[in-house]
Amino acid sequence: MKFIFGGVFFLMAAYLFAGGRCDVAAFVWPAYQPEPRWSELGIFGHGNGEWQNVYEATPKKEGHLQPRIPLWGYENEASPAAVARKIDAALAAGINVFIYDWYWYEGRPFLENALNEGFLKAPNSGRMNFYIMWANHHVDYLWNNTKSQKRAKPPLFNAAVGMEEFKKVADRIVSKYFSRPNYYKIDGKPVFGIYLLSVLEEGLGGPEKIKEAFEYVDSAAKKAGFAGVHIQVIGGVRLKAKNIGGIESPSLGQIFKYLGVDSSTSYNWLQLAPRAENGADWEYDEWGKEACAKFDAVKKNTATEYFPQVTVGWDNNPRYPAQTYTAVCKNNTPELVEKYLRTARDWILKNSDGKTRLITINSWNEWTEGSYLEPDNINGYGFLNACAKVFVEECSGQK
């Protein structure tokens, strides 16, 4: 069956992944919806969540590509109907997993409505796999487009949790999400993504407590009938402790082994190839070459399964006032995104340690960071077409 998106033919691809080629997972930023707790942060009074930053964005210099306008409109992503269209488009482009950013602050979930009310209630959600990345970062003024300085001391929302609260979070995720038939698993284990090990250390009190916390999740998953839990670190890996598991200044691989980490990936290329926010703009092609060249080293350093990551772009100016310009990634064309999707695909096909061949993409909808696959006024359906060429047409032998 063929579909037409933006004048380009797609092949329906949901069935292709059973053949063991690649699983392709896009991160979902669940902020484009009327989360009640926005009012606690004093932002997004229009009631549309962070869409407000998107449509209030303006070009800050010649050639600055803002505003970026979604071709599907400023949809409420806690709406099942809106998410249903996204699922169909993602599957047609060869993306079969959504990784939902998931938040917990001050004893309560945050931004969970996009997953619970939007994705899980979409009529076609059973066709799309998903898993949770606990985005356990503190909240400052990042999302407030009236603030040039983003730091807030103390944080507006503190993400650090003690052991009892960690167990509360773990129990919620195991009972509410792991049991879903489309929750993504590796070797029969539900994947639980963690963004910042450092914030776990901050709240729990040390590496030995992180290890204990991960063992608790694993035990809870086994009690729920699974083979255990697959812990995936996504992003920050720095710990303050110098002695971990009796080893002074351990390697990252030794840290992961002690904690019980099973795999890692990156949230975006800034973790692999950093760029200064107040520096000069940079070229996408150069960034991609530098970031993808790090895959081998990261896999070696972690001594675990590493799943390669592709970033679509970068421009977080919508989160800053009109007078503040932050450096952006230039010339992130669909053709170049296609190039690095292919690079990541070829790398994982060659380097996968096991049966799982997972590629992560930043992202499905990071509009205010300039890194999204959804169709817009600049590239139309170009990024989705790029995914389809790499993960559908080429993987099915139809180029």
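The model is predicted, and the protein averages a pLDDT of 94, with 94% of the residues scoring at least 70. One stretch to treat with care is residues 7–20, where the pLDDT is below 50. Beyond near neighbours in sequence, residues 7–20 have 42 contacts in the model.

Now find a pair of helices. Two packed helices are described by the angle between their axes and the distance between the axes. Here, helix H9 covers residues 284–292 and helix H11 covers residues 334–351. The two pack at an angle of about 10°, and their axes lie 10 Å apart. Angles under 35 degrees count as roughly parallel, and H9 and H11 are therefore roughly parallel to each other. Which residues of H9 meet H11? They are Tyr284, Asp285, Gly288, Lys289 and Cys292. On the H11 side, their partners are Leu336, Val337, Lys339, Tyr340 and Thr343. Sorted by class, this contact of H9 with H11 has five nonpolar, two polar and three charged residues.

Next, look inside. Rolling a probe the size of a water molecule over the atoms shows where empty space is left. How many cavities of 30 Å³ or more does the structure hold? There are two. The largest cavity contains about 60 Å³ of space. Val28, Pro30, Glu77, Val83, Lys86, Phe98, Tyr100, Ala114, Trp364 and Asn365 line the largest cavity. Helix H3 (80–92) and strand E4 (97–105) each contribute at least two residues to this lining. The lining of the largest cavity divides into seven nonpolar, one polar and two charged residues.

The second largest cavity has a volume of about 40 Å³. Around the second largest cavity you will find Leu41, Ile43, Val139, Asp140, Tyr141, Trp143, Asn144 and Leu156. By class, that makes six nonpolar, one polar and one charged residues in the lining of the second largest cavity.

Pockets are the open counterpart. The second largest pocket has a volume of about 240 Å³. Of the 17 residues that line the second largest pocket, Gly63, Leu65, Cys329, Lys330 and Asn331 lie nearest its centre. The lining of the second largest pocket comprises five nonpolar, six polar and six charged residues.

A cis peptide bond joins Gln66 and Pro67, with omega at about -5°. Pro67 sits in the loop between helix H2 (51–56) and H3. Where is Ser363 placed? Ser363 is in the loop between strand E17 (358–362) and strand E18 (365–366). The last stop is Glu106, a residue other than glycine whose phi is positive, near 55°.

Definitions and conventions:
Residues are numbered from 1 along each chain as its sequence is written. This is a predicted model: local features need pLDDT of at least 70, side-chain atom pairs count only at pLDDT 80 or more; totals for chains, interfaces and linings use all residues. Side-chain values use heavy atoms; hydrogens and water are left out. Axes are lines fitted to C-alpha atoms, for helices over the stretch in contact, and angles run from 0 to 180 degrees between N-to-C directions. Helices (H or I, at least four residues) and strands (E, at least two) are DSSP runs, numbered from the N terminus. Angles under 35 degrees count as roughly parallel, over 145 as roughly antiparallel, 65 to 115 as roughly perpendicular and the rest as oblique. Contact means heavy atoms within 4.5 Å. Ala, Val, Leu, Ile, Met, Phe, Trp, Tyr, Cys and Pro count as nonpolar, Asp, Glu, Lys and Arg as charged, and the others, Gly among them, as polar. On a 1 Å grid over the protein atoms alone, a cavity is a set of points where a 1.4 Å probe fits but cannot get out, and a pocket is an open set with protein on both sides within 12 Å along at least five of seven lines; lining residues have an atom within 4 Å of a point. Grid points are joined across faces, edges and corners, and a volume is the space filled by probe spheres set on the points. pLDDT is the predictor's confidence in each residue, from 0 to 100.
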